[in-house]
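Please open the model in your viewer and keep the sequence beside it. The tour below moves from one selection to the next and says what is there.

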Amino acid sequence: MNGKYRTKDELASELFITIDKLFFETMKNREQLIFNDDISKIEEIKRLDLQIAICIQKRARYTKGGFNFIPEEMWDWKPYYPINKKLLPKISRNSDVHS
């Protein structure tokens, strides 16, 4: 791991890999649903957004430096549809949704 994205303890580095993989796969699936503009998939997009939010929260929890040192893609993420702010990571709570 490069110094900027170090884990709090070295045993968590496998966890980083798993969280990042899940985050990027979920983002890809979400973008495909959004791109297809299928209104019947609103609940699926919301489910994926919640999964992304959990990935961001977990990544910050295990990153030395917390939310200050998560990848830029996680900082840039916003839910596509409104979600209860209590379920969002603190970096997304003050952000607007896409729609």
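Select Gln 51 to begin: leaving aside residues up to four places away in sequence, Gln 51 touches Leu 22 and Thr 26, where contact means heavy atoms within 4.5 Å. This is a predicted model, in which local features need pLDDT of at least 70 and side-chain atom pairs count only at pLDDT 80 or more, while totals for chains, interfaces and linings use all residues. Residues are numbered from 1 along each chain as its sequence is written, and side-chain values use heavy atoms, with hydrogens and water left out.

Gln 51 lies in helix α2, helices being DSSP runs (H or I, at least four residues) numbered from the N terminus. With 25% relative accessibility, Gln 51 counts as partly exposed, a class between buried (under 20% relative accessible area) and exposed (over 50%), with a 1.4 Å probe and protein chains only.

Next, display α1 and α2 together, whose axes are 9 Å apart and which pack at an angle of about 155 degrees; the axes are lines fitted to C-alpha atoms over the stretch in contact, and angles run from 0 to 180 degrees between N-to-C directions. The two helices α1 and α2 are therefore roughly antiparallel, a word for angles over 145 degrees.

Now select the residues where these helices meet, including Phe 16, Ile 19 and Phe 23 in α1 and Ile 45, Leu 48 and Ile 52 in α2.

Key. Angles under 35 degrees count as roughly parallel, over 145 as roughly antiparallel, 65 to 115 as roughly perpendicular and the rest as oblique.
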